[in-house]
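Dear colleague,

I am handing over the structure below, and my notes on it follow. Please read them with the structure open.

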Amino acid sequence: MIELTHLRIVAALQQHGTLTKAANALCLSQSALSHQIRYLEQKLGVEIWVKEGRRLRLTRAGNLLLETAEKVLPLVQQSQRTLKAYADGQKGVLRLGVECYPCYEWLTGVMAAYLKSNPQVDVDIFQRFRFSGFEGVLNFHIDMLITPDRVDHPGLHYEALFEYELKLLVPQTHPLAEKDWVTPEQLAKEVLITFPVDEERLDVLNGFLWPAGVRPQQHKQIESIEIMLQLVALSRGVTVIPDWLIERACGSLPLKSLRLGRQGMQRKLYAAYRTEDQQLSYQQAFITVAGSMSHMVV
């Protein structure tokens with residue numbers, strides 16, 4: 001009774017909010033879309049949407065259909081792309097998600113080597129997810145997630161790609177620049193500049209400052225590593241980035257790196273993918289290439 005067309009309609013209505021915008025996205029006339037919605041509601045015997053002014057709101061039944069659409073449509077799209085890849089003589093499509101802002105420079109070199117050694121594989125890279133990256137893997141939105149975090153789930157398998165250390169960057173004129181390492185208390189009056197990541201997932205906060213009961217004076221989030229480093233060099237704040245990025249990113253900027261605590265803050269970067277895909281050859285080939293290029297981060 002429920003067809004893929006119906007799921008696409010529910011997903012489009014939720015995404016665009018109005019009949020007009022959803023119809024345009026589906027390449028339908030507004031009257032044709034209205035007719036299909038009425039037909040679906042008649043077949044199901046329940047209302048899917050209710051009007052609130054010019055916008056539409058999902059009913060309880062509509063939300064159930066939307067949950068189904070969000071699970072089914074990505075899987076169908078993946079199958080269609082993979083089948084097309086087979087038809088074109090390719091092994092498949094690797095949809096790669098990235099939850100590590102500084103990783104793109106490293107990933108550029110890895111992708112070049114991977115595609116060269118695996119010419120029969122297509123690759124898509126995603127940075128932003130409607131849900132978390134882990135849900136993206138489990139719900140077939142992506143096939144593999146590059147992440148510094150681990151979430152225990154029986155459906156997820158992890159491969160450690162390389163280890164690194166998070167370090168604090170300060171301008172060379174900063175009073176802390178004379179030290180080799182810092183305590184959490186020494187950052188209490190600093191403006192902390194980070195990538196735009198949820199605070200709960202920022203290691204400098206949840207693994208260094210918060211356990212000591214310390215918060216920075218101010219927290220700014222910036223997407224651009226170049227702007228972030230320029231602000232630090234101009235004494236507008238301090239930041240924390242992986243050690244492997246410091247030499248190549250800082251260049252000639254007047255910056256000094258320090259350890260977070262006497263022992264430093266060690267982390268790992270992982271590739272997370274579905275447990276059932278452990279034998280998928282072209283995914284394993286990516287992990288092999290990524291592992292062999294860990295020297296790029298040393």
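In this chain, 73% of the contacts (heavy atoms within 4.5 Å) between residues at least 6 apart in sequence join residues at least 24 apart. Please bear in mind that this is a predicted model, in which local features need pLDDT of at least 70 and side-chain atom pairs count only at pLDDT 80 or more, while totals for chains, interfaces and linings use all residues. Residues are numbered from 1 along each chain as its sequence is written, and side-chain values use heavy atoms, with hydrogens and water left out.

As for the overall build, the chain has ten helices and twelve strands, these being DSSP runs of H or I with at least four residues and of E with at least two, numbered from the N terminus. Of its 298 residues, 45% count as buried, meaning under 20% relative accessible area with a 1.4 Å probe and protein chains only, where exposed is over 50% and partly exposed lies in between.

Threonine 5, which lies in helix α1, counts as partly exposed because its relative accessibility is 36%.
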